[in-house]
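Subject: Structure handover

Hello,

Here is the structure I promised to pass on.

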Amino acid sequence: MPHVPAEPAGASAPPRTNTVVVVLALAGIVVSLMQTLVIPLIPQLPKLLGASASDTTWAITATLLAGAVATPVMGRLGDMYGKRLMLLISLALLVAGSVVAGLSHTLAPMVVGRTLQGLAAGVIPLGISIMRDELPGERLGAATALMSASLGVGGALGLPAAAFLAERADWHVLFWVAAGLGALASVLVLTLVPESAVRTGGRFDLVGAAGLSTGLLCLLLVISKGADWGWTSALTTGLFGASVVALVLWGWWELRTRQPLVDLRTTARRQVLFTNLASAVFGFAMFAMSLVLPQLLQLPKATGYGLGQTMLAVGLVMAPSGLVMMAMAPLSARISKTKGPKVTLMLGAVVVAAGYGLSVALMSAIWHLVLVSAVIGAGIGLAYGAMPALVMAAVPVSETAAANSLNTLMRSIGTSISSAVSGVVLARVTTTLGSVTVPSENGFRLVMAIGAGAALIALAFAAFLPGRRSISATPATHTASAIPAEAAP
């Protein structure tokens, strides 16, 4: 499909453009929904799968690890061979994983299914990259902000839906619904989203993919399982050492190969580097809320601070944050257009910090937590909308998918670290309720204070970004820097 020319100011977007945006955003929401699918099942997984509680955590860890590996690989393959093609492959893996999990009754097939689902994590950065190739400049900011926000929207809206189904139907229904949604998204992408003519061609960097995958797997295993294994155990320290060695060797290789998986020279540019650092810290801040609020809502009232609610109520309390993220997408794009995405990112950091600050004082009623999650969601929506604009303004068109995938990966690493840090805090700052030890109110306040601190660190990183430079200042989509598909080797 030829690139759509920019419309005159004030003109409405063509129906085809609107369709592409809606379909890609739907695909992003489906994938992010998959990540929260098993949350209502976590307490029941040992009984449902006939395995120990520590073993059933692999149903979550496997998805995290698979996503970390797939995101940069799919991004690079999308730049080389076609972004829509890789998007369709990712959605097919999501459907296949959902079917396997839907048929499972033991742990092994469940882990296989969740691994396949995790391999679909590249959908959101691929969707953003397709938008850059296909949309006119004045539509791009709002569209990419919406696509980026879909990461939080799907999770927030999926939680109450998953809790509702888990309470009223067989748990396998959750995965069959995910399979159906994935199939629907695949059909819509296949029929309504054009394949981009912007490709780099060339040879895929298998050595780089293997090196990055090894380093990430070892690092994320340490982060996600270190508390279970012991932070000073031989296994934990050995894996951490292996991750350092693997990532150092990977960096050495990437700087010397002609067609690297990740162009480290590009990622070292100030705008890309500090955007990625801010993304990691924002991922940390976003997940802190997701860990604290459900526990506060579900702890019994006898603790003096728990609200004694069901998982369905938890989902309903968290849902407004997803709606707010979506509502912030056009505002984020408008601020980025007028003031620059750096300002939008900094504003998002301030709003997130304010939301966590509110939570330190407002934790004793359901409406308090709704307000807190909505404010934090607003800040995340602003910031996530600015991140793709900052990245794409600093990288060649031919590296869009790889650069956006790396940015998404940095967010995922941030959420993983948040889970580990918050878990340690809540495990150590406890109180006793009868014969049961539970996180104390001060433990929850400490985690929220850490979330506020993380947002302020993101603000500091954003302050180091170059001055105003909106995405509209980037070169036209089809430039000499990209090789048309028909000319690619």
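Lysine 342 belongs to helix α15, residues 341-361. (Helices are DSSP runs of H or I, at least four residues, numbered from the N terminus.) This is a predicted model: local features need pLDDT of at least 70, side-chain atom pairs count only at pLDDT 80 or more, and totals for chains, interfaces and linings use all residues. Residues are numbered from 1 along each chain as its sequence is written, and side-chain values use heavy atoms, with hydrogens and water left out.

Back to lysine 342. A polar atom of its side chain lies 3.0 Å from the backbone oxygen of leucine 465. For the backbone oxygen of alanine 463, the distance to a polar atom of that side chain is 3.4 Å. Lysine 342 also touches residues beyond four places away in sequence, including Leu390, Ala462 and Pro466. (Contact means heavy atoms within 4.5 Å.)

Next, serine 279. Helix α13, residues 270-298, holds this serine. Serine 279 counts as buried because its relative accessibility is 0%. (Buried is under 20% relative accessible area, exposed over 50%, partly exposed in between, with a 1.4 Å probe and protein chains only.) Neighbours within four places in sequence aside, serine 279 is in contact with Met387, Asn407, Met410 and Arg411.

Last, isoleucine 39. Look in the loop between α1 (15-36) and α2 (45-49). Isoleucine 39 has a relative accessible area of 32%, so this residue is partly exposed.

Best wishes

How values were computed:
Helices (H or I, at least four residues) and strands (E, at least two) are DSSP runs, numbered from the N terminus. A polar contact is a pair of N or O atoms within 3.5 Å; within protein, one must be able to donate a hydrogen and the other to accept it, and residues adjacent in sequence count only if both atoms are side-chain atoms.
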